[in-house]
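Keep the structure open beside you as you read.

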Protein chains: 2
Amino acid sequence: MTAPPKKLLPYRQSLAGSLLAAREAVMAPIRPMLAEAGVTEQQWRVLRVLNDSGPIDLKTLAESALLFGPSVTRILKDLVERDLVVRQANPKDGRGAIVSLSIRGKALIQETASHTARQLSLYTRKFGDKRLKKLIAELKALTTAIQ
Amino acid sequence: MTAPPKKLLPYRQSLAGSLLAAREAVMAPIRPMLAEAGVTEQQWRVLRVLNDSGPIDLKTLAESALLFGPSVTRILKDLVERDLVVRQANPKDGRGAIVSLSIRGKALIQETASHTARQLSLYTRKFGDKRLKKLIAELKALTTAIQ
DNA sequence: GTCATATACTTAACATGTTAAATTGTAAAG
DNA sequence: CTTTACAATTTAACATGTTAAGTATATGAC
């Protein structure tokens, strides 16, 4: 005799599946915009976080952008080479570094944000402004609750 | 004179950022369970979809599991080698294949699901059963609305 | 039938993610 | 001071994701 089969939800109705599907749907129209700006999704996340925070150390940056340390290292190498990000020694800690947006990086953010903002306003039109804000609040609440 | 700066939300409060953060929080405790079962997150998605659907062609599988075709090819090669999945020619179409879970694959699903189910019930305890169902419904509604 | 076009993958090439180990510097204890 | 433990990256090695090109088969027009 075997254990009774667990009744798994169909994947797309599961919590993880719903989150992934929603994210894909949201990002699908945005990725081409990022490609046009010459940045990958992860590079965009890094730039966004730098835009939010100002000069910041790499560990905090990695956590905020939901990336691993080695990914941040690689991404920053590229962004610094392209003069989108400025890297300085951390005066408080000889091991670490502080990075921030360059003028060009700020310009890229503003230019690209003007495109993504249009897409976001399309989402609010299709789904409802309040409803979307509520959904985001619930996502945040879930994230906090289960951590 | 420059264009007025767009007011971008902090990344973690953005729609894409909230979705990614929530997904990470949800998956964090589950990934070790999958690792113990010897499957990656993507392999697990494939197995889940096969469990949902029964025998299925690769294109439908890829779409359902939110994976690219080449990823599915590689993942299936591994799962078939490990006897978790059975691959057959598609009788209706000489180009394609049909895959389905093997006995071992079904057993792995059941065994692993019994662990992940425990984690999910923890989530429902922490966040509320109705509230979580509602959130999933809203995610699905968003996905549908913006596609 | 045969040609053109489309479909279902697969292969290959490269970017990125992920984990573990190495490097460099800090900090606290003795 | 020096030793020890720890912290902030970086490097290296490998898995996986992603795009583009290739292969084989199907489908429809003629």
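In this predicted model, 45% of the contacts in chain A between residues at least 6 apart in sequence join residues at least 24 apart. Buried residues account for 31% of the 147 residues in chain A.

Chain A is built from seven helices and three strands. If you follow the sequence, these elements come in the pattern α-α-α-β-α-α-β-β-α-α. The radius of gyration of chain A is 19 Å, well over the 15 Å that the globule rule gives for 147 residues, so chain A is more spread out than a compact globule. You can see how the chain extends from its C-alpha trace, which spans about 65 × 45 × 25 Å along the principal axes.

Now turn to the strands. What is the order of the three strands in the open sheet of chain A? Reading across the sheet, the order is β1-β3-β2, with antiparallel pairing. The edges belong to β1 (56-57) and β2 (85-89) of chain A, each of which pairs on one side only. As a reminder, strands of a sheet pair through backbone hydrogen bonds, either parallel or antiparallel. Between β1(A) and β3 (residues 97-101) of chain A there are two bridges, and these strands run antiparallel. To find the place in the model, look for Ile56(A), which stands opposite Val99(A) in β3(A). A helix packs on this sheet: α3 (residues 41-53) of chain A touches β1, β2 and β3 of chain A, and its direction makes about 90° with that of β3(A).

Phi of Asp83(A) is near 65°, a positive value in a residue other than glycine. Is Asp83(A) buried or exposed? There are 11 other C-beta atoms within 10 Å, and a residue with 12 or fewer is classed as exposed, so Asp83(A) is exposed. In chain B, Asp83(B) lies in the loop between α5 and β2 (85-89). Asp83(B) has a positive phi of about 65° although it is not a glycine, and with 11 C-beta neighbours inside 10 Å it counts as exposed.

Next comes the place where the two chains meet. Here 46 residues of chain A are in contact with 46 residues of chain B. On the chain A side, α1 (15-27), α3, α6 (103-127) and α7 (129-146) each supply at least two residues. The largest share of that side, 12 residues, comes from α1(A). By class, the side of chain A that touches chain B has 28 nonpolar, eight polar and 10 charged residues.

Ala21(A) has 23 C-beta neighbours inside 10 Å, and the cut-off for a buried residue is 20 or more, so Ala21(A) counts as buried.

Finally, move to the DNA. Of the 18 residues around DNA strand D, Leu58(A), Pro70(A), Thr73(A), Gly96(A) and Gly94(B) come nearest. Two or more residues of the surface near DNA strand D come from each of α4 (58-64) and α5 (69-81) of chain A and α5 (69-81) of chain B. The largest share of that surface, three residues, is given by α5(A). Sorted by class, the surface near DNA strand D has five nonpolar, seven polar and six charged residues.

DNA strand C also has 18 residues around it, of which Pro70(A), Gly94(A), Leu58(B), Pro70(B) and Gly96(B) come nearest. Here the elements that give two or more residues are α5 of chain A together with α4 (58-64) and α5 of chain B. The largest share of the surface near DNA strand C, three residues, comes from α5(B). Its classes are five nonpolar, seven polar and six charged residues.

Key. Residues are numbered from 1 along each chain as its sequence is written. Chains are lettered from A and ligands numbered from 1 in the order in which they are written. This is a predicted model: local features need pLDDT of at least 70, side-chain atom pairs count only at pLDDT 80 or more; totals for chains, interfaces and linings use all residues. A residue is near a molecule or strand if its C-beta atom, placed from the backbone, lies within 6 Å of it. Helices (H or I, at least four residues) and strands (E, at least two) are DSSP runs, numbered from the N terminus. Ala, Val, Leu, Ile, Met, Phe, Trp, Tyr, Cys and Pro count as nonpolar, Asp, Glu, Lys and Arg as charged, and the others, Gly among them, as polar. The radius of gyration is taken over C-alpha atoms; the globule rule is 2.2 Å times the number of residues to the power 0.38. Two residues are in contact if their C-beta atoms, placed from the backbone, lie within 7 Å. Two strands pair if DSSP finds at least two bridges between them. Axes are lines fitted to C-alpha atoms, for helices over the stretch in contact, and angles run from 0 to 180 degrees between N-to-C directions.
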